[in-house]
Amino acid sequence: MATATSASASASASPGAFGAKTPAPARGLSTHPVLTPSPAFARPSPRTPACSRSRASLHLGGLGSTSSSSAAAAGNGTGLHVPPTVAPLAVPKMAGSMKTHKNVLLFYCEEMRDLAQQVVARNDDIELRSISWRTFPDGYPNLFISNAHNIRGQHVAFLASFSSPSVIFEQLSVIYNLPKLFISSFTLILPFFPTGTSERMEDEGDVATAFTLARFLSNIPISRGGPSSLVIFDIHALQERFYFGDSVLPCFESGIPLLKSKLQELPDSHNITIAFPDDGAWKRFYKQLQHFPMVICNKVREGEQRIVRIKEGDPRGRHVVIVDDLVQSGSTLIECQKVLAAHGAAKVSAYVTHGIFPNSSWEKFQHDNGEGPEHGLSHFWLTDSCPLTVKAVKGRRPFEILSLAGPIASALQI
């Protein structure tokens with residue numbers, strides 16, 4: 001028992017020994033710790049064990065608290081253990097509090113070369129990569145991805161243009177191959193989803209080509225990081241969003257923010273009214289433009305003709321901007337322009353995200369030359385989603401290109 005007595009005496013001699021435990025007793029003795037209370041205080045209540053107090057004191061003191069607590073007890077002369085001041089703990093930042101930047105390797109088809117270069121110019125984290133687009137003697141594609149071994153573990157994107165059926169197969173061949181090169185992630189940017197713009201499923205036997213293309217894109221192989229992402233701007237029919245399967249992650253963007261920025265720059269920005277050529281355009285865009293006064297037009301049939309009329313709103317004295325997702329022949333936009341001019345619009349302009357203009361139908365649109373909306377449009381804004389149209393109308397009034405480079409660069413950082 002001499003050992004236990006000496007240990008107890010040693011514990012009592014220590015200035016910070018309040019509530020200290022004695023060493024473990026020999027075999028056969030009680031295993032409960034023996035507490036040695038400070039003589040300055042009565043024995044603690046059984047409901048509040050001294051051991052819990054001592055543990056709390058030790059916990060607050062943290063590492064290195066033994067010497068500081070001893071000094072405090074020695075300084076007050078009472079034997080009372082005074083915990084040292086605890087420095088506030090550093091709170092780690094949440095993982096999403098700091099924006100991370102992805103280094104992205106951007107491949108592109110030849111039609112999208114200019115837009116791809118603009119995307120890279122907008123963001124230093126995006127690097128341009130090229131593909132050799134060659135053909136065999138029989139006309140089938142002979143493709144080569146340069147430095148394929150060096151893209152392993154990288155975030156990779158491809159900027160596509162399905163401007164005609166003849167260029168889709170060669171691009172799908174590349175799109176299906178890139179995710180298999182052990183890359184971290186794959187993103188396909190297809191600014192204009194071309195099929196389905198004129199489809200009407202009215203008779204048995206009608207083929208939904210938009211659904212067919214969506215199935216092609218839904219079966220892009222997964223990369224090491226998971227399913228591929230697909231970025232599309234202003235898809236034509238809202239139900240086409242649901243054509244895509246669960247093996248791809250569609251991201252639907254819009255070109256309307258580009259239009260809103262442009263309208264703010266106009267000298268008559270305070271006098272803008274938005275016009276929709278039909279109910280479909282209104283359903284698609286009104287939520288993004290709801291702070292503007294609106295005019296809604298519709299088409300009515302008179303005999304063999306379909307005539308555009310104003311359904312709601314008043315264009316009188318306003319600079320009216322006709323908004324739609326795409327234009328093909330342009331006949332509806334021109335009829336809408338004439339109706340708005342007849343109802344007193346001061347100016348008429350137009351915006352479409354996708355300027356398709358088959359058979360050079362863009363030639364129908366004239367600039368008003370400041371003579372009034374009955375003579376033409378003040379502005380016709382398009383994005384560069386259809387690169388062949390961009391080349392055709394470049395430098396021709398009333399056309400002006402609003403580039404998707406900025407929105408694409410932002411989408412690649414999601």
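Two strands are taken as paired if DSSP finds at least two bridges between them. Strands (E, at least two residues) and helices (H or I, at least four residues) are DSSP runs, numbered from the N terminus. The structure is a predicted model, in which local features need pLDDT of at least 70 and side-chain atom pairs count only at pLDDT 80 or more, while totals for chains, interfaces and linings use all residues. Residues are numbered from 1 along each chain as its sequence is written, and side-chain values use heavy atoms, with hydrogens and water left out.

**View 1. Strands β12 and β13 run parallel.** Strand β12 (residues 319-327) is joined to strand β13 (residues 347-355) by 8 bridges. Within this pair, I322 stands opposite A350 of β13.

**View 2. An open sheet of 7 strands has mixed pairing.** The strand order is β11-β10-β9-β12-β13-β14-β15. Because β11 (305-312) and β15 (399-402) each have a single partner strand, one side of each edge strand is left without a neighbour in the sheet. From one strand to the next, the twist averages 25°. Helix α9 (residues 331-342) packs on the sheet and touches β9 (272-276), β10 (294-302), β11, β12, β13 and β14 (380-383), where contact means heavy atoms within 4.5 Å. The direction of α9 makes about 50° with that of β11; axes are lines fitted to C-alpha atoms, for helices over the stretch in contact, and angles run from 0 to 180 degrees between N-to-C directions.

**View 3. Helix α4 (residues 113-122) has the buried residues L115, A116 and V119.** Buried means under 20% relative accessible area, exposed over 50%, and partly exposed in between (1.4 Å probe, protein chains only).

**View 4. The side chains of H236 and D325 are joined by a polar contact of 2.7 Å.** A polar contact is a pair of N or O atoms within 3.5 Å; within protein, one must be able to donate a hydrogen and the other to accept it, and residues adjacent in sequence count only if both atoms are side-chain atoms. H236 lies in the loop between β7 (228-233) and β8 (248-253) and counts as buried because its relative accessibility is 18%. Not counting residues up to four places away in sequence, H236 touches G196, T197, R284, D325 and L326.
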